[in-house]
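Here are my notes on this model, point by point. Please read them with the structure open.

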Amino acid sequence: MKHVSLLIKPASGLCNMRCAYCFYADEAEHRTEKNAGMMTLETAESLIHNAFSSVEKRGTISFSFQGGEPTLAGLDFFRKFVRMAEERNPGDVAVQWGIQTNGLQLNEEWAAFLASHRFLTGISMDGDAASHDAFRRDAHGEGTYQRVKRNLEMLLRSNVETNILCVVNSRTAKAPKRTYRSLKALNTGFLQFIPCLDPLDKSRGSMKWSLTPEDYGQFLSGTFDEWFLDWQNGQYTSIRFFDDLVHLALGMPPSTCASCGQCGGYFVVEADGSVYPCDFYALDEWRLGSVQESFRNLMHSEKMRSFLQRSARKPASCGTCPYFALCRGGCPRDWIEGDRGPENYYCKAFAKMFQYIGPKLMYIVQQERSARYRMR
């Protein structure tokens with residue numbers, strides 16, 4: 001394997017916040033073992049050994065941590081994990097570090113560690129204070145925006161490479177300009193928006209935080225307007241989804257599996273060492289095995305092949321869609337059963353957005369092509 005990409009849950013689904021829409025808490029409720037506890041150093045050592053044994057010389061390993069809330073595993077765990085990886089590395093493997101955190105438990109000691117080991121640190125924030133605190137509360141029911149914002153500012157002062165992950169829900173979707181501007185003002189330079197998920201056993205759109213296709217289409221279009229104006233004015237802020245659209249239109253590879261239109265880019269490793277093919281499918285039926293087994297073997301297992309084949313079978317509507325080259329069918333977690341089989345719940349949202357942003361998107365693509373031609 002040239003690249004081994006791992007999304008590790010050292011604290012499983014344990015969290016010091018109670019976000020109303022947390023998809024992983026819902027996912028864990030649908031597993032036989034609802035919580036895998038804290039990852040032991042023995043499991044971490046097996047994971048690290050497996051990763052370096054599976055990767056080719058001059059290959060790349062990505063160790064990314066998520067939850068639940070990964071910082072609950074403790075800073076000492078992370079220090080030992082990094083030390084074990086450095087000792088195991090033969091010297092010809094590039095290692096990338098990342099963590100996605102709600103930011104509540106961070107302090108100066110954490111900031112120094114993340115900066116020294118060049119952790120790409122994602123902070124979860126939903127727009128302005130009112131939107132964020134509507135659904136992202138702590139275990140006591142208190143809002144968390146101001147505490148997270150202070151810790152984000154601390155990371156930036158410490159030169160930690162930081163970005164912001166925003167969940168688009170019923171509230172943020174109705175205020176695209178305010179959401180974008182409030183997040184841009186935090187000065188990370190990098191934003192990622194992901195649509196809110198409904199519980200596995202509930203119909204789409206049935207929860208108070210649910211995101212409708214209509215609202216999502218309006219959010220994407222409104223956010224693109226703001227992003228485009230900043231691009232024109234030389235005040236560019238990276239939005240991962242929009243960056244992917246530009247790259248796809250230029251014939252370049254996108255950065256996410258949803259934009260690629262193909263699952264299977266990474267492994268999820270639970271705290272007990274269980275391995276799954278995707279964060280959205282960390283369920284009993286999709287458990288591939290454990291870190292005691294070679295990642296190479298897990299990648300070529302029958303269950304992984306079955307998982308990959310699922311995403312390869314696109315909704316029927318994709319066959320005649322003029323925007324398929326940019327949409328690629330989206331994430332299978334957003335597919336629902338329709339009259340003609342599976343269809344993307346947000347299909348109308350994407351169609352509305354593409355129709356609206358098309359001329360501006362192509363203008364950016366033309367300018368990028370011209371700039372590259374002049375640089376030859």
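1. At roughly what angle do the axes of helix H8 and helix H9 cross, and within what distance do they come? The axes of H8 (residues 213–232) and H9 (residues 240–249) cross at roughly 80° and come within 11 Å. Axes are lines fitted to C-alpha atoms, for helices over the stretch in contact, with angles from 0 to 180 degrees between N-to-C directions. H8 and H9 are therefore roughly perpendicular, a label for angles of 65 to 115 degrees. Leu220, Thr223, Phe224 and Trp227 of H8 meet Phe241, Phe242, Asp243 and Val246 of H9. Contact means heavy atoms within 4.5 Å.

2. On provenance: the model is predicted, local features need pLDDT of at least 70, side-chain atom pairs count only at pLDDT 80 or more, and totals for chains, interfaces and linings use all residues. Residues are numbered from 1 along each chain as its sequence is written, and side-chain values use heavy atoms, leaving out hydrogens and water. Helices (H or I, at least four residues) and strands (E, at least two) are DSSP runs, numbered from the N terminus.

3. The sheet is open and has 10 strands. Their order is E7-E6-E5-E4-E3-E2-E1-E8-E9-E10, with mixed pairing. Two strands pair if DSSP finds at least two bridges between them. Strands E7 (238–239) and E10 (289–290) are the edges, each pairing on one side only.

4. Look at E5 and E6 next. E5 (residues 162–168) pairs with E6 (residues 190–195) in the parallel sense, over 5 bridges. Leu165 stands opposite Gln192 in E6. Helix H7 (residues 176–184) lies across E5, E6 and E7, at about 145° to E6.

5. Helix H6 (residues 145–157) has 13 residues. From first C-alpha to last, H6 reaches 18 Å, close to the 18 Å expected at 1.5 Å a residue; the expected span is 1.5 Å times one less than the number of residues. Its buried residues are Tyr145, Val148, Asn151, Leu152, Met154 and Leu155. Buried means under 20% relative accessible area, exposed over 50%, partly exposed in between (1.4 Å probe, protein chains only). These residues pack against helix H4 (108–116), strand E4 (119–124), helix H5 (129–135) and E5. Just after H6, Asn159 has a positive phi of about 65°.

6. The largest nonpolar core has 104 residues. Such a core is a set of buried Ala, Val, Leu, Ile, Met, Phe, Trp, Tyr and Cys residues joined through side-chain atoms within 4.5 Å. Leu6, Phe63, Phe81 and Phe295 have the most contacts inside it. Helix H14 (residues 347–374) gives the largest share, 8 residues. Leu6 touches, among others, Leu47, Phe63, Phe267 and Phe295, not counting residues up to four places away in sequence.

7. Most residues other than glycine have a negative phi, and most peptide bonds are trans. Gly67 and Gly68 are joined by a cis peptide bond, with omega about 5°. Gly68 sits in the loop between strand E2 (60–65) and helix H3 (75–88). Ser12 has a positive phi of about 50° and is buried at 0% relative accessibility. Arg58 has phi near 60° but is exposed, at 64%.

Methods
Parallel < 35°, antiparallel > 145°, perpendicular 65-115°, else oblique.
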